[in-house]
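Please keep the sequence and the structure in view while reading.

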Amino acid sequence: MNIVADLILAGALVAVWLTAGLLADSLSSAPSAPALRRRAGLITLLIAAGATVFVAITIVTALMPGESAAPAAALAPAVPALIVLTAGLRRVAQVRRGAGAFATAPQTPVPPALRAAAAHPLILVPLQVTGLATLLSVPIAGGLVEVPGADLAGIAITVVGVAVLAIGIRAGLRHSRLSVLALAPIGRNRPRVPVDSR
């Protein structure tokens with residue numbers, strides 16, 4: 001296989017997973033419940049497409065003659081993508097079902113609890129980490145970075161590690177803030193019932 005084919009496969013991986021990560025970032029800020037449902041459905045389709053690209057890399061490299069760097073390039077995003085497929089996809093489906101309950105009322109604002117569920121770190125962090133990890137696959141597929149023992153690969157992994165930490169903290173803070181908004185009305189405006197002292 002040649003470098004062009006490897007770069008096409010790596011580029012498809014980057015396009016799908018990076019788009020899913022960016023869309024996940026805007027999931028909790030949907031203006032209405034139907035818009036939230038559409039975004040969650042699109043994220044589900046992008047996750048399925050991303051899994052399909054992983055399978056396509058394996059099949060194409062097995063069928064084409066010659067050495068290929070695409071499988072090595074796909075190793076970096078494979079671990080966070082596995083977390084997306086096992087934990088994140090289920091949470092996205094829950095958000096989509098929750099928003100689907102408001103399908104008959106298109107102008108319904110997103111309830112705070114549903115907005116908090118859409119900002120859950122198990123949705124946001126694995127998707128964005130997978131998108132960042134796919135960026136590492138491009139120089140590997142292009143032959144610029146050799147996977148075993150490359151100094152540039154170590155630097156890239158360090159940068160991605162710091163970015164993962166920042167994404168995790170940001171997602172945790174956002175989810176905590178939205179969770180508090182979902183629980184805040186519980187303690188307010190309770191009707192006072194007079195107590196009969198007899």
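## Helices α1 and α3

In this predicted model, the axes of α1 and α3 come within 10 Å and cross at roughly 20 degrees. An angle under 35 degrees counts as roughly parallel, so α1 and α3 are roughly parallel to each other. Their crossing is left-handed.

Which residues bring α1 and α3 together? From α1, D6, L9, L13 and W17 take part, and they meet A70, A74, P77, A81 and V84 of α3. Sorted by class, this contact of α1 with α3 has 8 nonpolar residues, no polar residues and 1 charged residue.

## Helices α1 and α2

Helix α1 covers residues 3-25 and helix α2 covers residues 33-63. The two pack at an angle of about 160 degrees, and their axes are 9 Å apart. Because angles over 145 degrees count as roughly antiparallel, α1 is described as roughly antiparallel to α2. The crossing of α1 and α2 is left-handed. In their contact there are 18 nonpolar, 3 polar and 1 charged residues.

A49 belongs to helix α2. Its C-alpha atom is separated by 8.7 Å from that of W17, although A49 and W17 are 32 residues apart along the chain. Is A49 buried or partly exposed? The relative accessibility of A49 is 29%, so A49 counts as partly exposed.

## Helices α3 and α5

Helix α3 spans residues 70-100, and helix α5 spans residues 121-141. Their axes come within 8 Å and cross at roughly 160 degrees. The two helices are therefore roughly antiparallel to each other. Here, too, a left-handed crossing is found, with α3 passing α5. The contact of α3 with α5 contains 20 nonpolar, 4 polar and 1 charged residues.

## The nonpolar core

In soluble globular proteins, nonpolar side chains tend to be buried together. The largest nonpolar core of this model has 31 residues. Which of these residues touch the most other members? They are L13, W17, L27, L36, I43, I57 and L127. At least two residues of this core come from each of α1, α2, α3, α4 (112-118) and α5. Helix α2 gives the most, with 9 residues.

## Leucine 36

L36 is placed in helix α2. With a relative accessibility of 0%, L36 counts as buried, because buried means under 20%. Leaving aside neighbours within four places in sequence, L36 is in contact with L27, A30, V95, A99, V110, L114 and A118.

How far apart are L36 and G100 in sequence and in space? They are 64 residues apart in sequence, and 8.8 Å apart from C-alpha to C-alpha.

## The chain as a whole

The secondary structure of the protein chain comes to 6 helices and 0 strands. Read along the sequence, the pattern is α-α-α-α-α-α. The protein chain has 198 residues, of which buried residues make up 37%.

Contacts can also be sorted by separation along the chain. Among contacts with a separation of 6 or more, 82% are accounted for by residues 24 or more positions apart.

Methods
Residues numbered from 1 in each chain as written. Predicted model: local features only at pLDDT ≥ 70, side-chain atom pairs only at ≥ 80, totals over all residues. Heavy atoms only, no water. Axes fitted to C-alpha atoms, helices over the stretch in contact; angles between N-to-C directions. Helix = DSSP H or I, 4+ residues; strand = E, 2+ residues; numbered from the N terminus. Parallel < 35°, antiparallel > 145°, perpendicular 65-115°, else oblique. Left-handed = near helix turned anticlockwise from the far one by under 90°. Nonpolar A, V, L, I, M, F, W, Y, C, P; charged D, E, K, R; others polar. Core = buried A, V, L, I, M, F, W, Y, C linked by side-chain atoms within 4.5 Å. Buried < 20%, exposed > 50% of the residue type's maximum accessible area, 1.4 Å probe, protein only. Contact = heavy atoms within 4.5 Å.
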